[in-house]
Amino acid sequence: MTTINTNQDYQNRVKHFTALQSKYQATQHQDSSPSSLLYLILRKVDLGLELSELELNWLQKNELTQTIEIIWVQKFRKGELKRLEDEFSQLKAKYKITKSWESSLNSFLYPILWKLDKEGHLDNDEIQLLQDKNLSQIVEIAQDIKKFAALKQKYQATKYQDSFPDKVLYSILKTLDKSQSLDDSEYEWLLENELFETIEIFEQQESKREEELNRQKELEIQKELERQEELAKQAKFTQLKEKYKANKYFEPSVASRLHEILQKLEENKKLAYYDEDWLKNRGLKQTIKIAKELEFKREFIQLKGKYNADKYADLSPDSDLYIILKKLESENTLSKDELEFLQKHQLTDTLVIANQQYGASLKHKAELGQFLNDSEIEWLQNNKHEDIITFAKQKHFSALKIKYGLIDPTLPLEPLYTIMVKLEKKERLDPVLVVQLIEEKLLSRDGKITVAHYRLEAEFLEQEIKRTGHKWHIPTASSYWRKANEPEQALKLTNLDLGKIKENNLKSAISVTRGAAFRDIDKLDDAEICAIKAMEYQPDSHQPYTLMGAICYDRFDYEEGNNWFEQAINRGADIEDIDSEIKRVIKNTKDEQKRHEAAEYLLRKDSYRYAWAKDYLKKQKDNK
């Protein structure tokens, strides 16, 4: 029985040893007998007994490293509770926790303080819990820690590990964040802790602060200068109001409109119309008067300088010299008395300028092709400017030739220039001269000069009719209106009650010229009525028959027209006049085909007498 028990005891020891080897990771040891020293060591360790140095050395010698580590951990664990209690106590002291009931290691406070101390921040739930437990001081510390960390980041002081807000660095960084200066001890502390980046930021702040201080000083100096300048301006403003009689308007500010206006006067500048209106509306008449006087003197001085009359001292508004210089400025001719005034006061330079300016103005007028009047020509002659006279005539002649449609560059100046000048002046021409120039082919029968001449003659005769009542001027004036290409005026003139006229020959003449005017505007029926009336008034006159012949030709009824022309010749009409009328009708025919037919008819009738009609046949052939 003893043997069995002994054997059972041995087996239990083996199992126990095996379990301890597994527990303390010593299974690699070869000796598994309970008699091994390892079994004794593990039993002691498992009971929490201290190992001797001999035993520890034996474990190292047998390379049971993991077993040694487990033993160390187990040994360390024995003091863990005490360490936890000490750490909690230190944290409570650090964060100023005095409540006794918070000493338990199971307290919610322990992990909060641990997290705050190690991680430097708390979440919202943790903060709320602290506030609910009346631990606001911890919340404030947590906020300071967070702010401290942010300041270290901002001012590049993160190399300083401690983030508890009771440190010197926190105070320094808060000072920097307020852009305030550090004292020497704080600066030395940064140097000792090698926070050079923070020092650099501080020095940059100091530089900016110094710049700002300097800027503030400059601003203060500038403000003082501006104040002094403002006082000086106000004093000057007072003087200006006194000088220019504006004291009645109470306005001390130099920013006022009055100061602006008075400053213009002081600077000898001209006032604008709105400045004068402003003064007038405020009753400052004396100021306006002074401004006008200054403006006049300024203008007078400028004129004297411009026209070399500075030696004349008088600057009064009624000065004769001022009137003369204003006329020169307006490029007006000076009178004889004004020229003598300049001569009398030895203003020879002004006199020379006056003559030069007037001569230049006349030359410019000539360059524009404008007509120089008789007084201007006389002045040029008296001042020996024959060249300008000749130039003016040539320029005016060129302009008039363009106006009156004379394109021949070889036309002589005279008598055409004299004729056109007369027309420009609305003066009548010598009819004989006009006829002569037409015959010499210097003028065209229907040219602008001739037409202008006819118009003047018609107007003159109409005036004569009104002045004298002489009715025989009516057919003549009507004829001139027609030649001036204004048949409407002829019809207007001849629109009379012929019953009030006694002479049949006059009534016949008026009827003929009226009928001719109707022909001019293609009212042939009205023209025929006038011709028939003319025949009734004066049957023996060839003119009504000539008119009827022309009307028939206008209607392309050439045989009937020839019958009327023959009757006109029988009553004394000149064949050449008849042929001229026929030629005029053919020329004025607008229908090319009708003109061709008329030309062929005339050539068949008498190819010698109407040889000129061949030209129309030739023109039509060339056109085709």
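## Ground rules

Residue numbers start from 1 along each chain as its sequence is written. Because this is a predicted model, local features need pLDDT of at least 70 and side-chain atom pairs count only at pLDDT 80 or more, while totals for chains, interfaces and linings use all residues; side-chain values use heavy atoms, with hydrogens and water left out.

## Overall form

Let's start with the fold: the protein has 31 helices and zero strands. Both are DSSP runs numbered from the N terminus, with helices (H or I) of at least four residues and strands (E) of at least two.

The radius of gyration is 66 Å, whereas a compact globule of 624 residues would have one near 25 Å. That value is taken over C-alpha atoms, and the globule rule is 2.2 Å times the number of residues to the power 0.38. Along the principal axes, the C-alpha atoms fill a box of roughly 200 × 85 × 50 Å. For contacts (heavy atoms within 4.5 Å) between residues at least 6 apart in sequence, 41% join residues at least 24 apart.

## Surface and burial

The accessible surface comes to about 38,700 Å², and carbon and sulfur atoms account for 49% of it. Areas come from the Shrake-Rupley method with a 1.4 Å probe; for residues, only the protein chains shown count as cover.

## Nonpolar cores

A nonpolar core here is a set of buried Ala, Val, Leu, Ile, Met, Phe, Trp, Tyr and Cys residues joined through side-chain atoms within 4.5 Å. The largest has 67 residues, and those touching the most other members are L423, Y553, I582, I586, L602 and W612. Helix α22 (residues 448-468) gives the most to this core, with eight residues.

Leaving aside residues up to four places away in sequence, L423 touches Y404, L429, I449, A452, H453 and L456. A second, separate core of 18 residues includes L303, Y307, L325 and F341.

Take a look at H396 in helix α19 (residues 386-403). H396 is buried, at a relative accessible area of 4%. Its C-alpha lies 6.1 Å from that of F371, although H396 and F371 are 25 residues apart in sequence.

T513 sits in helix α25 (residues 504-520) and is also buried, with a relative accessible area of 7%. Not counting residues up to four places away in sequence, T513 touches P475, S478, S479, R482 and T494.

How values were computed. Buried < 20%, exposed > 50% of the residue type's maximum accessible area, 1.4 Å probe, protein only.
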